[in-house]
Amino acid sequence: MAAMSSAPSSPTQARSKKSGVVLDPPKFDLESYIQNYQGRTRLERLIHIGVCSAFLGVDALKLAVKEAKLGKDTKKYLEAQAHLETVGPDEREAIRDIPWLESTDKRNHAETQRLESELKGYKNNLIKESIRMGNEDLGKHYQAIGELPKAFEAYSRMRQDVVVGKHIVDVSRHLIEVAAEQRNWIAVLSNVQKIRGVALTADEEKALQPYLAACEGLAHFDSGEYASAAHSFLQTEAGMGTTCGTIISSNDVAVYGGLCALATMDRNELQKRVLENSNFRAYLELEPQIRRAIAAFVNSRYTSCLEILEGYRTDYLLDIHLQRHIDDIYQFVRSKCIVQYFIPFSFVTLDSLNKAFAPAGKTIDKELAAMIHQGLLEARINTVDRLLEAVPSDSRANLQNEALTMAENYENEARRRILHMNISMVDLEVKNPKRPGGMNMAQMSGASDDFFQQGVEMRY
């Protein structure tokens with residue numbers, strides 16, 4: 001067991017003093033980290049780090065200003081420049097570039113007029129392929145200048161002019177990218193399913209599988225559905241590379257998937273579905289601390305698992321998607337560690353629990369009481385002897401409850417059978433339609449028309 005000075009802090013305590021600025025330096029190198037991303041998410045992540053990190057704030061915002069000036073989104077440039085002007089007013093990039101803003105806005109307006117005029121001409125000529133490409137060009141332009149609702153609308157109009165399956169895939173990928181930036185996760189999931197419904201070759205499906213699984217996992221994750229997110233991320237096949245770089249990186253798949261699995265799966269599932277998963281292992285190699293934390297949990301080294309996670313809390317607080325979920329995930333993992341630590345014993349001293357899980361000078365008495373109240377821990381606290389005692393199970397009461405449940409099920413089944421008999425006697429039973437060959441739907445499927453055979457078999 002770790003000493004009290006090295007015990008991981010409680011997320012419930014951290015949550016009460018949560019602030020928007022992270023003071024500790026992260027473990028990652030900013031330039032190496034941002035190279036994993038492309039497109040607008042690269043700029044968004046730089047601004048997020050610049051706003052949230054006291055250590056990397058100035059450097060991240062300087063890179064964000066430079067990145068914004070390489071594009072056409074003047075709103076993002078003004079956002080990054082305004083933040084940099086606040087935290088680093090002496091930096092050269094903190095000076096607002098008025099000529100660039102005016103010229104970029106003028107070019108954006110002219111390009112919008114040109115693309116809309118071209119699209120109008122394509123519609124007049126009734127050339128479906130030209131209309132589709134015109135909407136695509138207009139959507140890309142709107143996305144580049146930050147007009148995301150208009151970009152989504154332009155990409156959506158492409159659907160009525162698609163001709164082949166590849167066009168459906170292209171349209172859905174455009175919509176997924178814009179919807180992810182808008183945090184419209186319902187649209188992301190909808191378009192993922194539309195791509196999966198397209199008839200593609202085996203090679204095309206294999207190339208798209210990591211992209212679709214990662215996007216689906218991110219949608220579930222940001223919606224707080226951690227079990228579904230873990231399932232999707234763990235299904236991501238190796239070889240994603242940079243195909244999803246405008247939304248999520250391979251490192252993110254390892255971190256998000258590993259943390260969600262750690263928060264929602266038991267030890268056997270973690271061993272089989274994570275550590276022994278050959279595809280996901282390729283992603284875990286990019287983030288070895290996640291693999292070490294999962295291995296520590298599986299091997300019952302719970303304090304070590306929590307210490308590894310706490311060591312990377314700063315990095316995860318600077319992640320644009322992970323920041324608002326990290327406290328909840330850490331709380332789930334911590335609660336699981338405490339429960340698993342207690343399971344082998346009939347009682348455990350509070351001092352040993354404090355030594356294993358409480359930070360220096362703190363106790364976890366209130367945390368244990370909260371877990372018991374929420375039903376996460378079947379135990380009771382003995383404040384006199386300072387023990388956490390397992391609640392003895394009442395086998396007689398359990399047997400009586402099972403007998404009552406069986407009797408209730410028997411009564412319900414008898415009522416259903418009597419009701420069916422009465423319905424059959426007055427000829428109100430709905431029959432399956434006959435097929436031309438004289439067989440009804442139930443017979444063709446090999447199912448029986450007998451109501452009792454369709455019901456659940458009663459076992460006594």
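Me: In this predicted model, what is the handedness of the crossing in which α13 passes α16?
Reply: The crossing is left-handed, a term used where the near helix is turned anticlockwise from the far one by less than a right angle.

Me: Given that α13 and α16 pack at an angle of about 15 degrees with their axes 10 Å apart, what does that make α13 relative to α16?
Reply: Angles under 35 degrees count as roughly parallel, and the angle here is about 15 degrees, so α13 is roughly parallel to α16.

Me: Which residues make that contact, and how do they divide by class?
Reply: From α13 come A254, V255, G258, L259 and L262, and from α16 come I290, A293, I294 and F297; eight of these residues are nonpolar, one is polar and none is charged. Gly is counted as polar, and G258 is part of the contact.

Me: How do you know how α10 runs relative to α11, when their axes come within 9 Å and cross at roughly 155 degrees?
Reply: Angles over 145 degrees count as roughly antiparallel, and the axes cross at roughly 155 degrees, which means that α10 is roughly antiparallel to α11. The crossing of α10 and α11 is left-handed, and the residues in contact include W185, V188 and R196 of α10 together with L208, E216 and D222 of α11. By class, the contact of α10 with α11 has 11 nonpolar, two polar and three charged residues.

Me: Which residues of α17 are buried, and what covers them?
Reply: Y302, T303, C305, L306, I308 and L309 are the buried residues of α17, which puts each of them under 20% relative accessible area; their cover includes α13, α14, α16, α18, α19 and α20.

Conventions:
Residues are numbered from 1 along each chain as its sequence is written. This is a predicted model: local features need pLDDT of at least 70, side-chain atom pairs count only at pLDDT 80 or more; totals for chains, interfaces and linings use all residues. Side-chain values use heavy atoms; hydrogens and water are left out. Axes are lines fitted to C-alpha atoms, for helices over the stretch in contact, and angles run from 0 to 180 degrees between N-to-C directions. Helices (H or I, at least four residues) and strands (E, at least two) are DSSP runs, numbered from the N terminus. Angles under 35 degrees count as roughly parallel, over 145 as roughly antiparallel, 65 to 115 as roughly perpendicular and the rest as oblique. Contact means heavy atoms within 4.5 Å. Buried means under 20% relative accessible area, exposed over 50%, partly exposed in between (1.4 Å probe, protein chains only).
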